[in-house]
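Subject: Structure handover

Hello,

Here is the structure for you to look through. My notes on what was found follow below.

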Amino acid sequence: MPSNLTVVVLAAGGGTRMKSKTMKVLHEVGGRSMIGHVLNAVRAMEPERVIAVIGTQREQVGPHISEQMPEVVLAVQESQDGTGHAVRVALESIAEPISGTVVVVTGDTPLLRGESLRAFAEEHEAAERAVSILSGIVPNPFGYGRIVRTAEGDVEAIVEEKDATPLQRDIAEINSGILAFDAGFLTDALGRISNNNANAEYYLTDTVGIAREAGLTVGAYAIDDVSQTEGANDRAQLAALGRELNRRIVTQWMKDGVTVMDPETTWIDADVVLNRDVTILPGVQLLGATVVGEDAVVGPDTTLKDCEIGQGARVVRSHGELAVIGDEANVGPFSYLRPGTNLGSRGKIGAFVETKNAQIGNGSKVPHLSYVGDAEIGEETNIGAGTIFANYDGVNKHRTKIGDRTKTGSNNTFIAPVQIGDDAMTGGGTTVRRDVPNGALAVSSGPQRNLEDWKNRKGQ
């Protein structure tokens with residue numbers, strides 16, 4: 001990579017076609033904001049400095065960018081007067097004069113890859129150009145600026161669709177909007193760009209004509225995968241980019257040894273980590289920073305966000321967020337694991353069970369129709385069907401603690417705070433309001449009464 005590299009990220013535009021209170025570059029694709037993907041690609045270039053130009057909704061965009069890349073320099077473009085003006089604002093935001101190479105990227109291209117930017121910057125420096133354009137060959141170039149080359153292959157101009165001649169409209173090589181510059185040339189050229197055009201804006205692409213007039217070299221680097229340079233201006237384009245990004249992520253995981261039964265119905269975010277021999281069944285969404293261990297099976301019809309799934313675990317038709325599922329544990333079907341759930345190895349959370357802020361020990365089971373909130377359950381314990389951990393007294397939340405090897409009956413209610421000891425038992429239908437010692441049996445229901453001949457008496 002160039003030893004002295006500056007990257008300018010353009011993120012000041014309003015994105016009005018999104019029709020959203022959220023700034024365009026902050027819309028998410030594959031679990032990251034669009035600009036988050038771009039910054040990830042920029043980071044792979046190992047630049048000396050990164051300058052992000054913000055403007056519209058800067059109170060949203062600035063903190064988000066700084067969170068993603070703390071070392072970034074934020075430059076504020078008070079009025080959006082074109083890309084040339086934005087880059088000028090960027091360079092004026094740093095005290096020292098720049099040298100080396102400057103690469104300018106846009107903040108709404110989530111498919112952009114770091115290796116592509118690296119290759120582009122390296123080729124620009126090797127060719128010793130004043131300006132290089134990241135271009136692409138597309139079957140239908142309508143709407144794009146065309147790259148017009150000389151007979152020697154140098155770039156002569158970028159011609160916009162509305163200004164192109166019929167012959168130029170047939171050119172299939174288009175401008176991506178990503179450019180590389182010699183820093184010295186760029187510093188001089190930015191002061192010479194005019195806003196004498198229909199939109200009264202300063203266009204960065206005017207640097208091509210300035211370089212040509214000065215007899216300097218201008219070139220274009222045609223990227224093989226031109227879709228990396230595509231941006232999203234509205235929700236429909238955002239969804240299209242999301243589908244393509246997901247297709248690439250799923251395909252890569254399959255190449256890395258993960259079985260995905262139905263790629264069309266599987267969604268995997270960019271920061272998800274899967275180990276070899278994981279099996280993903282149809283209808284699965286793996287979101288956020290979810291990690292799935294070797295030989296685990298997820299699905300069908302399961303959504304996991306920011307979860308950790310152990311080796312050999314199985315999660316069926318369930319929803320989980322900020323939960324940990326241990327090795328060889330089983331979850332589902334129709335389980336709801338809320339934040340703070342931690343299921344030990346060989347444990348079970350069964351059908352129609354909801355858990356929240358619950359630590360469930362190794363080998364312990366909550367098989368059926370239960371709510372386990374603010375609880376600590378020891379090892380090798382079984383919770384009976386239809387059990388409620390009543391953790392809220394109307395003002396505060398309280399915890400219930402159940403020991404090891406304990407067996408609780410069906411249809412129990414534990415009124416927190418309460419503690420049940422090791423090797424204890426509770427009878428069916430019991431409401432536990434007081435602590436239960438180790439090895440004890442707790443019952444709260446009265447003795448059964450049978451009313452003889454009830455049917456006939458009722459008929460009277």
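Strand β36 (residues 425-426) is joined to β38 by 2 bridges, and the two run parallel. Strands here are DSSP runs of E with at least two residues, helices are runs of H or I with at least four residues, and both are numbered from the N terminus. Two strands count as paired if DSSP finds at least two bridges between them. T426 has A442 in β38 as its bridge partner. These strands belong to an open sheet of 3 strands in the order β33-β36-β38, with parallel pairing. Its edge strands, β33 (407-408) and β38 (441-442), each pair on one side only.

Before going on, note that this is a predicted model, in which local features need pLDDT of at least 70 and side-chain atom pairs count only at pLDDT 80 or more, while totals for chains, interfaces and linings use all residues. Residues are numbered from 1 along each chain as its sequence is written, and side-chain values use heavy atoms, with hydrogens and water left out.

Domains. The chain is divided into domain 1 (5-229) and domain 2 (252-442), with bounds that come from an automatic or database domain assignment. The C-alpha centres of domain 1 and domain 2 are 48 Å apart.

Helix α4. This helix (residues 114-127) has 14 residues and reaches 20 Å from its first C-alpha to its last, close to the 20 Å expected at 1.5 Å a residue; the expected span is 1.5 Å times one less than the number of residues. Its buried residues are G114, S116, L117, F120, A121 and H124. They fall within an arc of 165° seen down the axis of α4, so they line one face of the helix; the arc is that of the directions from the helix axis to the C-beta atoms. Buried means under 20% relative accessible area, exposed means over 50%, and partly exposed is in between (1.4 Å probe, protein chains only). Among the elements covering the buried residues of α4 are α1 (34-43), β6 (101-106) and β7 (131-137). Just after the helix, E128 takes a positive phi of about 55°.

A hairpin. Strands β8 (residues 146-149) and β9 (residues 155-159) run antiparallel and are joined by 4 bridges. R149 is bridged to V155 in β9. There are 5 residues between the strands of this hairpin, where G153 has a positive phi near 100°.

The annotated site. An unreviewed UniProt entry carries the annotation "active site" for H368. UniProt positions are given in the numbering used here, feature names are shortened, and annotations may be inferred rather than shown by experiment. H368 is in strand β29 (residues 365-368). H368 counts as partly exposed because its relative accessibility is 41%. Leaving aside neighbours within four places in sequence, H368 is in contact (heavy atoms within 4.5 Å) with A351, V353, G384, A385 and G386.

Backbone points in the loops:

- A cis peptide bond joins G332 and P333, with omega about 0°; P333 is in the loop between β24 (330-331) and β25 (336-337).
- Another cis peptide bond joins A416 and P417, with omega about 5°; P417 is in the loop between β34 (413-415) and β35 (418-420).
- D295 is not a glycine, but has a positive phi of about 70°. D295 lies in the loop between β17 (291-292) and β18 (297-298) and is partly exposed at 44% relative accessibility.
- D423, in the loop between β35 and β36, has a positive phi near 60°. D423 is partly exposed, with a relative accessible area of 39%.

Regards
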